[in-house]
Amino acid sequence: SDYYFSSFTRTMEGIGGIKEKLKRLVELHFQFFVEHRDIARVVLFEHRYITEDLGDLLVEKERRRTAYLAELLESSADRGEIRPVNFQVAAKMIIGALWNMGLEMAVSEGETAGPEMAGAILDILWTGLAPAEGALG
C-alpha cells in the first residue's frame, strides 16, 4: 500500500519552511526504524529474496519519494529558502544518508541513531562542513 508515502507527504505538507520539513523528514525516517526494526531488516536486506515484485515495488516507492523531495527542494529554491543546486542529486544524498543510518539502526543491537539526531543531521545538511565564515581553511 501507499500508506507510508501518503503519510509522509501529508506530514511534510503541514509543516512550515524547508528547514522544518527536512528536520521532520529525518525524525520520521528514524522513528520508522525505531518502531519497525524487524520490518526494516526485511525491506533493506531480504526483499529480493521474498519476491522480485516486492523489490521492484520498493524501488518504485523510493523513486517517488526522491522525486517528491527534489520537487520540494526546487520550490524552496524558487522561494529563496535555499540556493539552486541539482535537486535530484540533493534529494538522493539526503535520502541515501538517511537509509544508510537507518540500515545501521536495523542491524545494530545498540543505539546508533534515532529521531533525536534530527537536529545534528539538519545542522550538517543546512550549514555543510565548510568552516564558519572567517575561520581558517
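The second largest pocket holds about 670 Å³ of space. Its lining has 20 residues, and those closest to its centre are Ala90, Ile94, Ile124, Leu125 and Trp126. Before going on, know that this is a predicted model, where local features need pLDDT of at least 70, side-chain atom pairs count only at pLDDT 80 or more, and totals for chains, interfaces and linings use all residues. Numbering starts from 1 along each chain as its sequence is written, and side-chain values use heavy atoms, with hydrogens and water left out.

A quick word on terms: on a 1 Å grid over the protein atoms alone, a pocket is an open set of points with protein on both sides within 12 Å along at least five of seven lines, while a cavity is a set where a 1.4 Å probe fits but cannot get out; lining residues have an atom within 4 Å of a point. A volume is the space filled by probe spheres set on the points, which are joined across faces, edges and corners.

Who builds that pocket? Helix H2 (18-35), helix H5 (87-107) and helix H6 (118-127) each give at least two lining residues, and H5 has the largest share, with seven. Helices here are DSSP runs (H or I, at least four residues), numbered from the N terminus.

There's also one cavity of 30 Å³ or more. Leu25, His29, Arg65, Ile95 and Leu98 line this largest cavity, with H2 and H5 as the elements giving two or more residues.

Here are the two linings by class (nonpolar: Ala, Val, Leu, Ile, Met, Phe, Trp, Tyr, Cys and Pro; charged: Asp, Glu, Lys and Arg; polar: the others, Gly among them).

| Space | Volume | Lining by class |
|---|---|---|
| Second largest pocket | about 670 Å³ | 17 nonpolar, one polar, two charged residues |
| Largest cavity | about 30 Å³ | three nonpolar, one polar, one charged residues |

Now for H2 and H6. Their axes (lines fitted to C-alpha atoms over the stretch in contact, with angles from 0 to 180 degrees between N-to-C directions) come within 9 Å and cross at roughly 135°. Ile18, Leu22 and Phe30 are among the H2 residues that meet H6, where the partners include Ile121, Leu125 and Trp126; contact means heavy atoms within 4.5 Å.
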